[in-house]
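Dear colleague,

Here is the structure I said I would pass on. My notes on it follow below.

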Amino acid sequence: MKWVLRIVLGLFVVLGAAFFVFRTPDTDAAEMRAKYGGAPSQFVEIGDGLTVHLRDEGPQNDDADAPAIILLHGSTADLHTWQPWADVLSATHRVIRFDQIGHGLTGPDPNGDYSKASFVADIDEVADALGVESFVLGGSSMGGGHAVAYALAHPERVDGLVLVGSSGAPIARDGAGPSLTYTLAQTPIINQLMAQITPRSMIENAITEMVTDKSSITPETIDRYWELLRYPGNREATLARFGFGRSSFSAEQVATLTMPTLVIFGADDPLIPMASGKWYEEHIPNAQLVLYDDIGHLPHEEAAEASIADMTRWLETLDTPAELLDETP
């Protein structure tokens with residue numbers, strides 16, 4: 001029996017040593033705010049002790065009637081994912097994007113609530129804090145699912161809906177999925193280690209597997225994902241959020257969404273299948289689908305120019321009176 005105890009003790013010593021060698025500590029909050037929270041960032045308190053990192057750009061200062069757009073990032077991402085869109089759209093629209101709870105510089109929820117209802121409530125509170133009555137609401141991946149949930153709960157405030165590689169459709173993914181990282185993050189015990197051991201290479205693999213054009217992901221992008229995932233409390237928040245599992249909407253639910261809806265998907269999306277985009281197009285009454293060949297899960301970054309052009313054309317239809325749209329040349 002002594003040799004068994006010695007082996008067990010030896011394993012604990014080895015594992016303990018490996019933990020301290022490979023452990024990746026949290027980043028420093030002040031350093032991250034200095035690096036990623038400079039102008040035009042704002043830190044706005046929306047209640048319950050939560051201060052949200054957001055950017056509010058566009059012509060609101062000289063045109064109070066400028067139409068507003070709120071953009072929601074995907075899982076483990078942050079507001080910077082929308083930079084290409086914000087650079088263009090803010091010339092004509094008030095563009096608001098914020099780090100959702102458990103992400104970016106917003107950090108963990110003070111109440112530890114990562115339910116979909118909590119994410120939806122934050123959208124409402126951000127809009128209220130900024131004095132925005134109604135807006136176009138867009139979301140990527142997880143953010144798209146949150147956008148749909150918000151539109152179902154508050155249709156009167158949503159002028160239009162934009163779903164980019166959106167989650168929430170009841171479509172099963174073929175195969176084992178794109179990344180071992182995402183699988184491990186949902187595996188008990190192992191995911192607890194990931195809250196302490198998160199090498200940059202793991203994040204690099206997870207992100208680059210999301211896109212077809214690997215050159216669209218720069219080293220700076222990987223650094224940002226890696227550093228902000230390790231913002232104090234974000235890794236634990238991610239694990240808590242994953243604990244809720246996947247959820248989907250029904251055809252009956254989304255059929256009640258009458259606002260104009262633009263659905264954008266990469267045809268080669270390895271995380272959320274293209275069939276999800278087609279499902280949204282089929283069941284949301286006023287939806288149109290745009291597909292990009294040879295593009296993966298992040299078309300707003302990987303196909304930035306094309307997606308911005310399609311978004312701009314779609315926004316023009318919202319700003320055009322219906323009687324003009326119905327006119328034939």
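By class, the lining of the second largest cavity has six polar residues, three nonpolar ones and no charged ones. Please keep in mind that this is a predicted model.

Thr 76 is in the loop between S3 and helix H3 (83-89). With a relative accessible area of 19%, Thr 76 falls under the 20% limit and is therefore buried.

Asp 48 likewise has a positive phi, near 55°, in a residue other than glycine. Asp 48 belongs to the loop between S1 and S2. Its relative accessibility is 61%, so Asp 48 counts as exposed.

There is also a cis peptide bond, between Ala 39 and Pro 40, with omega at about 10°. Pro 40 is in the loop between helix H2 (29-36) and strand S1 (41-47).

Next, strand S5. Six of the six residues of S5 are buried, so the strand is largely enclosed by the rest of the structure. In a regular strand the side chains alternate between the two faces of the sheet. In S5, Phe 135, Leu 137 and Gly 139 point one way, while Val 136, Gly 138 and Ser 140 point the other way, and all are buried.

Which strands pair with S5? S3 pairs with S5 in the parallel sense over four bridges, and Leu 72 has Gly 139 of S5 as its bridge partner. Strand S6 (residues 158-164) also pairs with S5 in the parallel sense, over six bridges. There, the bridge partner of Gly 138 is Val 162 in S6.

Phe 135 of S5 also takes part in an aromatic pair. The count of such pairs comes to three. In the pair of Phe 135 and Tyr 150, the ring centres are 5.8 Å apart and the planes are at 35°, so the pair is tilted. Phe 135 lies in strand S5 (residues 135-140) and Tyr 150 in helix H5 (residues 142-153), so the contact ties together parts that are 15 residues apart in sequence. Phe 135 and Tyr 150 are both buried.

Last, Ala 66. Where does Ala 66 lie? Ala 66 is in the loop between strand S2 (50-57) and strand S3 (68-72). Is Ala 66 buried or exposed? Ala 66 is buried, with a relative accessible area of 12%. From Ala 66 to Thr 92 the separation is 26 residues in sequence and 7.2 Å in space, C-alpha to C-alpha.

Regards

Notes
Residues are numbered from 1 along each chain as its sequence is written. This is a predicted model: local features need pLDDT of at least 70, side-chain atom pairs count only at pLDDT 80 or more; totals for chains, interfaces and linings use all residues. Side-chain values use heavy atoms; hydrogens and water are left out. Rings of Phe, Tyr and Trp (its six-membered ring) pair if their centres lie within 6.5 Å; planes under 30 degrees apart count as stacked, over 60 as edge-to-face and the rest as tilted. Helices (H or I, at least four residues) and strands (E, at least two) are DSSP runs, numbered from the N terminus. Buried means under 20% relative accessible area, exposed over 50%, partly exposed in between (1.4 Å probe, protein chains only). Ala, Val, Leu, Ile, Met, Phe, Trp, Tyr, Cys and Pro count as nonpolar, Asp, Glu, Lys and Arg as charged, and the others, Gly among them, as polar. Two strands pair if DSSP finds at least two bridges between them.
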